[in-house]
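Visitor: I would like to go through this model with you, one question at a time, with the cut-offs stated as each term comes up.

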Amino acid sequence: MKKSIFRILLLLTVVVTLSSCGAQKKIVYLQGAEETGTFQNDNPYLLTIRPDDKLTIIVNCKEPELAAPFNMQLTQKAFTTTSVVSFSQAGGTPQLFWVDPEGYIEYPTMEKKLKVAGLTRYQLRDTIQNYLKNSGYIQDPIVTVEFYNARYSVLGEVTRPGQYPMSSDRVTIFDAVAAAGDLTIFGERDKVRLVRDNEGKQEYHTLDLKDPEVIKSPYYYI
């Protein structure tokens, strides 16, 4: 009798151990990767401006009165410091530049609309700085461009599905999963689908987060 009980307990232990190994293989990311190593991503994806984006564009310089026409809706605090920029209005909303369906914005003193779609915020910053200097408005402009409404959504078997703000210009698929509290035990880590809007067209790709090669994917950055 005791031998039978011992065999049953031993069998249960083996089953639990094997089950644990199987479960672990389902939830471990980057399986097979070296403990330390370097991975090269040849697709350094950067967030670009698109139609219907909202941007904040702040101009600073040594002489605040020269920057004032370009920050018309901002409080004086926006251009009285060179290290920290504050752009709160009385209502708490910064000056916004809406990107129209053709990819243009209207910028102060420019006779024509400015084409911004397809640019990174750094490229737009350089464009405006060059315009202000070459037009003779400001010789030492410091321009800050920020996305006001850049967000992404995480849905499915995650702890906290929902919409999240872009924390930087380069958010990885792992950043997005982590922000949503990680995939649950039921989430299929080898079938994570990324959906992008590319010039009005929806494109999607399935990623295997257990494969170390995912870091090299052009879809690694969302």
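Predicted model: local features only at pLDDT ≥ 70, side-chain atom pairs only at ≥ 80, totals over all residues.

Guide: Residues are numbered from 1 along each chain as its sequence is written, and side-chain values use heavy atoms, with hydrogens and water left out.

Visitor: In what order do the elements of the protein chain run from the N terminus on?

Guide: Helices (H or I, at least four residues) and strands (E, at least two) are taken as DSSP runs and numbered from the N terminus. By that rule the protein chain has four helices and nine strands. Read from the N terminus on, their order is α-β-α-β-β-β-α-β-β-β-α-β-β.

Visitor: Among contacts between residues at least 6 apart in sequence, what percentage join residues at least 24 apart?

Guide: Contact here means heavy atoms within 4.5 Å. Among the contacts in the protein chain between residues at least 6 apart in sequence, the share that joins residues at least 24 apart is 55%.

Visitor: Within what arc do the buried residues of helix 3 fall, seen down its axis?

Guide: With buried meaning under 20% relative accessible area, exposed over 50% and partly exposed in between (1.4 Å probe, protein chains only), the buried residues of helix 3 are Arg121, Leu124, Ile128, Gln129, Tyr131 and Leu132. They line one face of the helix, because the arc that holds them, taken from the directions from the helix axis to the C-beta atoms, is 160°.

Visitor: Which strands do those buried residues of helix 3 pack against?

Guide: Asp126 also lies in helix 3, but at 33% relative accessibility Asp126 counts as partly exposed. The buried residues of helix 3, by contrast, pack against strand 1 (54-60), strand 4 (114-115) and strand 5 (142-147).

Visitor: Which strand gives the most to the lining of the largest pocket?

Guide: A pocket is an open set of points on a 1 Å grid over the protein atoms alone where a 1.4 Å probe fits, with protein on both sides within 12 Å along at least five of seven lines, and lining residues have an atom within 4 Å of a point. About 1,300 Å³ of space lies in the largest one, a volume being the space filled by probe spheres set on the points, which are joined across faces, edges and corners. Of the 46 residues that line the largest pocket, the closest to its centre are Arg50, Val195, Arg196, Asp197 and Ile222. Strand 6 (151-154), helix 4 (173-179), strand 8 (192-198) and strand 9 (201-207) each supply at least two lining residues, and the most, seven residues, come from strand 8.

Visitor: Is Val177 buried or exposed?

Guide: Val177 is found in helix 4, and, leaving aside neighbours within four places in sequence, Val177 is in contact with Tyr29, Asp182, Leu183 and Leu209. At 8% relative accessibility, Val177 counts as buried.

Visitor: What is the phi of Asp182?

Guide: Most residues other than glycine have a negative phi. Asp182, in the loop between helix 4 and strand 8, is partly exposed at 28% relative accessibility. Its phi is positive although Asp182 is not a glycine, with a value near 75°.

Visitor: How far apart in space are Ala150 and Asp169, C-alpha to C-alpha?

Guide: Ala150 has its place in the loop between strand 5 and strand 6, and its contacts, leaving aside neighbours within four places in sequence, are Leu47, Tyr164, Pro165 and Met166. Ala150 and Asp169 are 19 residues apart in sequence, while the C-alpha to C-alpha distance between them is 9.4 Å.
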